Each structure stands twice: as C-alpha cells, then as structure tokens.
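Here's a friendly tour of a protein model for anyone meeting it for the first time. Take a look at the structure, and then we'll walk through some of its features.

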Amino acid sequence: MDVLLRRLDLEGWRSHSRVGRLLGLLQGWRERSWLGRWLPSFGGLLVGLVLVLAPLMPSGMTGMLLAAGGGCWLLWTLAGEREGRWSGVHLLVLLYWGIALLATVLSPVPRAAMVGLGKLTLYLLFFALAERVMRNQRWRSWVVTVYLLMALMVSVEGVRQWIFGAEPLATWTDPESALANVTRVYSFLGNPNLLAGYLLPSVPLSAAAIAVWQGWLPKLLAAVMLGMNTASLILTFSRGGWLGLVAATIAGVVLLGIWFWPRLPLKWRRWGVPTMGGLAIALCIGTIVSVPPLRERAASIFVARGDSSNNFRINVWMAVQQMIWARPWLGIGPGNVAFNQIYPLYQVNVRFTALGAYSIFLEILVEVGFIGFGVFLWLLAVLGDRARRCFKELQATASPQGFWLMGAIAAMIGMLTHGLVDTIWFRPEVATLWWLMVAIVASFTPLESGTANGTFNNRDPEPSR
C-alpha cells in the first residue's frame, strides 16, 4: 500500500474524468491571447505582492490579494498544459479542504465556520499558485528573495524599536515579573509573538541565501539578513519563537551535515557534524544565559503556573480538551471566529477569553477533529518523504537549489515547534508563510515521479511570457 502516495497516478484520472478534462480547456485561448502568455508572470507578481504587503496591510486587503491570486491560478490551470504536475501533496491539501468543508456544514456555528472556511480556501489557493510559480527555479529564487528583503525591513524596524523604545500595545509580560518594563519589539505587526512567527522562516532561508546567491555583495547582504532577522526575533522575547528558532537551527545544522557528508574527510565525518551542532546549541544557550533579561524570560518557561502567561495558556488548553472531546471527529469548523463563539462555553477563567487554542495542533483538533488532524499529519509525512527524495537527488548533483529546500524544511520544523505553544497561524502574515514553505517543498519533483527532467527541470514547460 502506497501510504506516502509516491506512485499516485493523477494524470490517468485527468484523462478519463470529465472534471479532469476541464484542465487545459482554455489552452487555445492562452496561445492566442496576450494575457494568457503573461499568466506565469502575473502569478509570480501576485505571490510577491502578498509577501510584500501582508505585514503592512489590514487582513482584509491581504484577503483581496489572495483572492486575486486564486483567480489567477484557476485561469492558469484552465489555460495551462494538459499534462500538468499533480502530486500526493495536492491531493491531501484538497482532502483537508474537503474535510474542513464537511466540518463547516456540520458545525454548531455554521455561519462563523464559513468565515474560517473562506480564509482557509484563500490560503490553500495561495499555496497552489505559489507552488505553480516556483516550479521554475528562477521564480523560486525570486519569490524567496522578495520575502527575505521584506523580512529585513521588518527586522530593521524591530531593532530600531529596541534601541529607541516602543510602547507595548497590550500586556505581553507578567506585570509582577522582573521583565515587566522590558521592551518587546513588534515592528509593523503590532504583536511580538506574531513578529516572531513571521521572522522565523527568514532565519534558515537567510542562511540558505548565503550559499545560493552568487557574488560577495549578495552573500554579504544575506549575512546581514541572517544577523538582523535573528536579532529581531530574539528581541521579541517570544518564548515560543525562541523554541522554534532553536529547533530550526538544529534542523538546519543536521541537514547541512548530511548535505556535505559525502565530501567530508573521514575525521570530519566522525567529529565535524556533532561539533557544529554542539556549537550551534551552545551559542543559543550561551546567549540566553549571559543576558539577564533573556535568561529570566527563558526561565519562566519552567515555572508552570507561576507565570501569568503560562497559567493562562494552561487554562485554555484544559478548556480546549473539553471542546475536542465534545466533537472529536469533525470538530466545530475552521477559523477563529467559530472558536470564539464556542470557547466561552468551556473556558476555565470567565474573566479572560482566548483568540485560539494556543497550540496549532490543538487548534486543528478543535476545528476539524481527529479526521482532519490525521490528514494534516499525513500531509506532513508525504511532504517529509518528498523532501527526502528530492534532497538526495539535489545532493547528488550539488545543486544550489538544495539549500532552498533545506531552508524550507528547517523553517517548517521551527514553525511547527513554535506552533506547539501558540496560535498565530490564523493571521495571514504567518499563514501565508507556512503555505509558502509547503509550496517550496512541493515545487521540487522527485525523478521517480515520471516527469521529463525530474527535480532538475529548471525551465517552466510553458512560455514565461
């Protein structure tokens, strides 16, 4: 049984299904139309606009851009080549959406769940468009570069707030702790935890850019990005963000060690990788221990209910467990709007409500139940298998594109770790980045999938303009 969907034949379905025959229906129009020939460029432009404007614009404006991107993808699909590249990742994303739709129909608050379903649909359409654009390695590098440049601007504003001070927009720290007056930077995003989630993918991708970008000036820029993004993330004092940063760093070092392993001398194979990993971990721990505010903030992780933020989260998790067992199979429907209507029925502390489950895994269980959660884990497993196979092929040819793949994998591990203790994925600034990382991994194709040139097909099979 092909649980990881390695030999999924979606092309056969397309050729025999009425729905499948619709794909490529407008191909003749595209060949004759000026607009049709520029569809790939329009798609790349819309993906770039989302990445540039998401941290600066209200969520409603971002939604309009995502809707435009979804329309572009639909038109591109109908006007595209008949032998498109569809994989198990696409199938599971569609299956997850179908379960979310069913959860919405059966939700105790269907109107609120419809709002969440609409947002989820926009994010999944963004994934589809970004994956289609980044099948071309030049577009892939361009999209990542756009995000990194925007993250650098956001980081610079965060560091500026640390130097000159910034008024907190909410109570983000325990007022009775020694850190009550410490500045937690939030840049343009208005919330330090959200800023940490936004910057987390930029750290491993900045490190990857040092290897991918050619020339000393671009490499120097990438090094500056790595330093600024890391510093700004640390200055958010987001404990979940720190845990994600440590997880992404460890994952990145391990992946780099595996990448260079065949080319290392025997001595370095035995001691080099463990030494580099140990130094990276020691650097993270040493930085936290040597700076008193960082040390006190990190220590608050282990005091359980002794910290007001910890106490609040524990209360939310207790209530969320009851919500899960009340509707275990399909949940209450997607979105924080549905959550906000159901949570007051179960909340432990009546004085404080919650925006979400404060754990992305619990959030998925609440929204789409164990069935949807199982599909999400299945999607992660298929992505991991796809990444492993593509990694081996890119490693064999020493393709620089392998560093983007490693950066995306490390970013996903970091975001999932951060997501253990926080719920920021319902915000478009972070949700779009999660699906961008998924799209980067899905845009690489293993050779055994049957494509003409496999992972190393760097040219889009369709004309770029």
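R160 is partly exposed, because its relative accessible area is 37% (buried means under 20% relative accessible area, exposed over 50%, and partly exposed in between, with a 1.4 Å probe and protein chains only). R160 has a partner: it forms a salt bridge with E157, with the closest N and O atoms 3.0 Å apart. To count as a salt bridge, a side-chain nitrogen of Lys or Arg has to sit within 4 Å of a carboxyl oxygen of Asp or Glu. In general, side chains of opposite charge can pair when their charged atoms come close.

E157 counts as buried, at 17% relative accessibility. About one helical turn separates R160 and E157, because they are 3 residues apart in helix α9 (residues 137-164). Helices here are DSSP runs (H or I, at least four residues), as are strands (E, at least two), and they're numbered from the N terminus.

## A quick word on the model

This is a predicted model, where local features need pLDDT of at least 70 and side-chain atom pairs count only at pLDDT 80 or more, while totals for chains, interfaces and linings use all residues. Residues are numbered from 1 along each chain as its sequence is written, and side-chain values use heavy atoms, with hydrogens and water left out.

How many salt bridges does a search of the whole structure find? It turns up 7. In one of them, the side chains of R6 and D385 meet at 2.6 Å, N to O. This pair links distant parts of the chain, 379 residues apart: R6 is in the segment before α1 (10-16), and D385 is in helix α18. R6 counts as partly exposed at 34% relative accessibility, whereas D385 counts as buried at 5%.

D385 also meets R389 in a salt bridge (3.2 Å, N to O). Both lie in helix α18, 4 residues apart, or about one turn of the helix. R389 is buried, with a relative accessible area of 9%. Salt bridges link R6, D385, R388 and R389 in a network.

## The second largest pocket

Now for some open space: the second largest pocket holds about 940 Å³. On a 1 Å grid over the protein atoms alone, a pocket is an open set of points with protein on both sides within 12 Å along at least five of seven lines, while a cavity is a set where a 1.4 Å probe fits but cannot get out; lining residues have an atom within 4 Å of a point. Grid points are joined across faces, edges and corners, and a volume is the space filled by probe spheres set on the points.

This pocket has 33 lining residues, and A207, T249, G252, V253 and L256 lie nearest its centre. α13 gives the largest share of the lining, 10 residues. By type, the lining has 26 nonpolar residues, 7 polar and no charged (Ala, Val, Leu, Ile, Met, Phe, Trp, Tyr, Cys and Pro count as nonpolar, Asp, Glu, Lys and Arg as charged, and the others, Gly among them, as polar).

## Closed-off spaces

The structure also holds 5 cavities of 30 Å³ or more. About 350 Å³ of space lies in the largest cavity, and of its 19 lining residues, Y96, L120, I360, E367 and W425 are the closest to the centre. Helix α18 turns up again here, giving the largest share of that lining with 6 residues. The lining of the largest cavity splits into 13 nonpolar, 3 polar and 3 charged residues.
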